[in-house]
Amino acid sequence: MIRPWCRQILAVIRLEMRKTFFARRGWWVYLLAFAPVAIWAGHAIDVSRSRDPALASAKTVPSFALDSIETGMTPDEVIAKLGQPYSRRAFRTRRIDREVMSYTDGGNTYTFVFDHGELHGIRHAELCNLNQDSVIFAAVFQYFFLRLAIFFGCAGIFMNLFRGEMIDKSLHFYLLAPMRREVLLVGKYLAGLLATVVIFTGSAALQLLIFVAHFDSQVRAEYLNGPGWSQIAAYLGVTALACLGYGSVFLAAGLLFRNPIIPAAAVLLWENVNLFLPAALKKISVIFYLQSLCPVVAPPGRDMSPVLALLVSNAEPAPAALAVAGLIVVTLAVLAMAARKARRLEINYGTD
Amino acid sequence: MTPPPIEASLIRFDNVSRFYGEVLGVNRVTLSIPPGITSLVGPNGSGKTTLMNLMTGLVRPTRGAIRVLGIAPDDPENLFRLVGYATQFDSFPKGLTGFQFVYSFLRLFGKSHAECEALASQSIERVHMSEAADRKVAAYSKGMRQRIRLAQAMAHDPRVLVLDEPLNGLDPLVRAETIALFRELAAEGRHVIVSSHILHEVDMISDQVILLSNGYVVAEGQIHEVRSEIHEQPMQVMIRCNRPAALASKVFEQDHVVEARLDPDSGGLLIKTRDADRFYRMLNQIALDGIEIESVAPADDNVNSVYEYLIGGEGPAK
């Protein structure tokens, strides 16, 4: 019995491939998925432009000397105290006469901005380092990639599997095949899962590749010999689990609701207020378990207002095994509910 | 070999009703459909498509039970090995060629690649679409889309073929070919259930008809039987003879004859009688009295008339 079902599931997946990967209306899923890749690529280019000359020339200046520079000084006075900068750029228009000089103490960059020959502003930033970038990566991953990109990507792909066919009036072809409705549901779910896992883990892998590659070989080796590979595996695993969990929710929404946008908006709201929910309620969400599995804790945004920061509640992350098991159980429960609905599904395109 | 039980060769509706909320789809339908070509006839909204959707499980009955060759429609795994349904929905999965469309849905039967290729090719050939099989369905004309749907419905060689308005959009030549195909399929002992608005075609192709009106079955069976059951309407008989006026005066002597009209163009006489049996007996007597009768033919023993009598002039094209 299992073998014919498997053949039917494969046939459904084959039929769905074109729709899940190459849907004309689905280009935005790729845009969402690969936006973080573009962000990390931009960051890598920026870092390589600012860091490499600094480190290559090795013109480090002691911090106390850098801290002694004050506004109002001229470029010549600064050079007299600190020596030649590793980067010096000038911008001149009719109104603006600006010069920018950059120094480093090895761990930080100091950027001195001169307007009309006078030091006007001092910008001070840490040089790009792995710890800092890890936290930024975690924040982008958890606050953009998981909560928005994968969430909406799964909504677009999984809701389309049944609801899209009802809109296109082509679902009946499946229902007229000698196939259990549950088998059809599993086939469609696996097709959606295959597409989302390929697209989103592909994007996560590219993000991680760029993230790791933009450090020099020594830092890279230290990272990979240390927590690197386990973190990479965790990020890829969390991405796949997110597709698994959100996929089942949106597949069910596409079957259960005539207008699945409303339940999708409700789930989005619930998942995004998770940060502010009491610890007990936090656990009734997909994002809580996904965040528990993330290898680096992402802090709430620095720009968060103090009032909102007060509302943030802390809950102990779930142990990894429990989080994975919890997500799988939730997925199976939601799929079972969807299968029940699929068994009773009728073709009534006029009212759908 | 023992013959299959009767139940396994019939499509049965047992007191089936279906409501869409407050709206009636079909009500208290009890039917037994034997093999052969069965036409569902009725105006728009009479319940033809609902009946087809019910027998294929696309909608479920609110009340009653349905068995298709002994199988319940909510058992798709077994049902659709025996049943093919070409719906009226003129929509297809996007991006497929005609061949890919037929082939891909055959794969859902769990058959091998080679088997599906062979079956798809045969079915497409049977509807004369081989030359267009590699073109995208989106580029097909309405008639071609109709035919490729028919090919898809019969590709797995079903014993029951349910076809919703299968002749719509076909040009006269293809229409004739398709009707010939239905006859061929029926002659092989299959059920071919078609719905149609075009009454003269229904007349040509049907072994039996089911007349529907406002969700109720108003008549079912062979046209001749259905007509003979309509006692409220006098039977019409066209008689061609050498002395139609003399014949008219003779038949008017009979109390069951309600009308006799001369038809000068055809040299005939149209009689309306309330008792066909007595009329035919009387006609034998008249023939012995020296009027030469060339032909006698029922004039309203067809779907068109039956439809007119039972449902009225509500809709279908003639």
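This is a predicted model: local features need pLDDT of at least 70, side-chain atom pairs count only at pLDDT 80 or more; totals for chains, interfaces and linings use all residues.

A: Helix α5 (residues 130-168) of chain A packs against helix α8 (residues 217-256) of chain A at an angle of about 25 degrees, and their axes are 8 Å apart. Helices here are DSSP runs of H or I with at least four residues, strands are runs of E with at least two, and both are numbered from the N terminus. The axes are lines fitted to C-alpha atoms, for helices over the stretch in contact, with angles running from 0 to 180 degrees between N-to-C directions. So α5(A) is roughly parallel to α8(A); that label is for angles under 35 degrees, with over 145 being roughly antiparallel, 65 to 115 roughly perpendicular and the rest oblique.

Residues are numbered from 1 along each chain as its sequence is written, and chains are lettered from A and ligands numbered from 1 in the order in which they are written.

Sorted by class, the α5(A) contact with α8(A) has 21 nonpolar, three polar and one charged residues. Nonpolar covers Ala, Val, Leu, Ile, Met, Phe, Trp, Tyr, Cys and Pro, charged covers Asp, Glu, Lys and Arg, and the others, Gly among them, are polar.

Then there's the core. The largest nonpolar core has 140 residues, and Ile150(A), Phe250(A), Val102(B) and Leu211(B) touch the most other members. α5(A) gives the most to this core, 15 residues. A core of this kind is a set of buried Ala, Val, Leu, Ile, Met, Phe, Trp, Tyr and Cys residues joined through C-beta atoms within 7 Å; buried requires 20 or more other C-beta atoms within 10 Å of a residue's own, exposed 12 or fewer, and partly exposed is in between, with C-beta atoms placed from the backbone.

Zoom in on Phe250(A): leaving out residues up to four places away in sequence, Phe250(A) touches Cys154(A), Ala155(A), Phe158(A), Met159(A) and Ala264(A). Contact here is C-beta atoms, placed from the backbone, within 7 Å. There's also a second, separate core of twelve residues, including Val237(B) and Ile271(B).

Methods:
Two residues are in contact if their C-beta atoms, placed from the backbone, lie within 7 Å.
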